[in-house]
Amino acid sequence: MPKPRFPTTRMRRNRYDEWTRRLVAESQLTANDLIWPVFVHNGHEPKIDIPSLPGVSRLSISQLVTEVGRAKSFGIPLVAVFPVIDPVLKTDEAEEAYNADNLICRAVAAIKETHQGIGVMCDVALDPFTSHGHDGLLRDGYIVNDDTLEVLCKQAIVQARSGCDVIAPSDMMDGRVGAIRAALDAEGFENIRIMSYAAKYASGLYSPFRDAVGSASNLNGASKNTYQMDPANSDEALREAALDIEEGADMLMVKPGLFYLDILQRIKKKFAMPTFAYQVSGEYAMLKLASQQGLVDGEQVLREALLSFKRAGANGILTYAALDAAEKLAG
Ligand code: PBG
């Protein structure tokens, strides 16, 4: 790099006009970067507000189909659907997770029946379906790994049969990507993609999500520290990502987003895989509430947050603001 010589070198020249700023921008945000997480409920009420997630609603299946049509019209490539399961269907062993006619499968089938050209992603994890709110099976106070894998595979298969395009294991069990890949392939679903939550941290930022899907009360204050990652760790995230790639992941995700930009950057640099950031419910709620209070300009800060993911190397971002952001980007 040339030695800067003032006043010959003036960094501010390229910032002088709006058009030069656009010309030299190193990161771009487009609708292609956005993945929209949405909540679906079993009732007929089109929208039910989620108090801890301002501006986000649980949608009925038919409203979901309508809104996915909007997402598609703005050019959003992929939606991630999360089910709000009736508490009476939650059990210790999460049998509802692999009921082929469960809410998530019906929702995916309804989307697929109406819309082509937009992908549908489903989480693989048991937390919406367990009476204890954990992502795996609970035995003697511990989330057991290998028995959980069998249930996760069954869950992935019913989701694939319903038309899901991308399976996103978010449970953090060891070996789940390999087990799910093998189960999908054995059923002829070799083109179904896996986006693994490769580095998923045991974060306090998931609380609004747990309210939204109703798992907070089941969890009743219990932590997921024996399977989700310790926020203190960084090298460990690289080992998690390496294992998931070896086991057949097509795309990786880092979660949460903003507090973990260093992890995102390390993983992207090291593996050069399609890598995504999840701006999780707590991050979204903090921005939204600060903006509603008039403390920050919500639109500016959201754009800044989304650009930070792109700058750090993300290929895309899961954000509850995807629809709003894509609408603005569409002009
Ligand atoms: C389920 C799951 C969670 C999120 C996505 N999938 C919650 C959790 O792990 O407890 C959180 C998403 C968010 O906070 O927006 N395993």
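Helices (H or I, at least four residues) and strands (E, at least two) are DSSP runs, numbered from the N terminus. The model described here is predicted, so local features need pLDDT of at least 70 and side-chain atom pairs count only at pLDDT 80 or more, while totals for chains, interfaces and linings use all residues. Residues are numbered from 1 along each chain as its sequence is written, and side-chain values use heavy atoms, with hydrogens and water left out.

Start with the whole protein. There are 12 helices and 12 strands. The radius of gyration is 20 Å, close to the 20 Å that the globule rule gives for 331 residues, so the protein is as compact as a globular protein of that length. Here the radius of gyration is taken over C-alpha atoms, and the globule rule is 2.2 Å times the number of residues to the power 0.38. Along its principal axes, the C-alpha trace spans about 70 × 45 × 40 Å.

Of the 331 residues, 53% are buried. Buried means under 20% relative accessible area, exposed over 50%, and partly exposed in between (1.4 Å probe, protein chains only). The accessible surface of the protein comes to about 15600 Å², and 51% of that surface belongs to carbon and sulfur atoms. These areas come from the Shrake-Rupley method with a 1.4 Å probe; for residues, only the protein chains shown count as cover.

Contacts tell how the chain folds back on itself. Contact means heavy atoms within 4.5 Å. Among contacts between residues at least 6 apart in sequence, 75% join residues at least 24 apart. Charges can be summarised too: the mean positions of the 35 positive and 43 negative charges are 12 Å apart. In this count Lys and Arg are positive and Asp and Glu are negative, while His and the chain ends are not counted. The place of a charge is taken as NZ of Lys, CZ of Arg, CG of Asp or CD of Glu.

Pro7 lies in the segment before helix H1 (18-24). The peptide bond that leads from Phe6 to Pro7 is cis, with omega near 10°. Further along, Glu67 sits in helix H2 (residues 61-73). Glu67 counts as buried because its relative accessibility is 7%. Beyond its neighbours within four places in sequence, Glu67 is in contact with Trp36, Lys47, Leu59 and Leu323.

Ala94 belongs to the loop between strand E4 (78-83) and helix H3 (103-114). Its phi is near 60°, a positive value in a residue other than glycine. With a relative accessibility of 0%, Ala94 counts as buried.

Apart from neighbours within four places in sequence, His132 is in contact with Asp92, Leu138, Asn218 and Leu219.

Helix H4 (residues 146-162) holds Gln155. Is Gln155 buried or exposed? Gln155 is buried, as its relative accessible area is 0%. Residues up to four places away in sequence aside, Gln155 touches Ala97, Tyr98, Asp123, Val124, Ala125, Leu126 and Phe129. Leu126 is 29 residues from Gln155 along the chain, and their C-alpha atoms are separated by 8.6 Å.

Met172 is placed in the loop between strand E8 (166-169) and helix H5 (176-186). At 5% relative accessibility, this residue counts as buried.

Lys255 is found in strand E10 (residues 251-255). Its relative accessibility is 8%, so Lys255 counts as buried. Not counting residues up to four places away in sequence, Lys255 touches Tyr197, Ala199, Lys200, Tyr201, Tyr206, Tyr278 and Val280. A cis peptide bond joins Lys255 to Pro256, with omega about -10°. Pro256 is in the loop between E10 and helix H9 (261-271).
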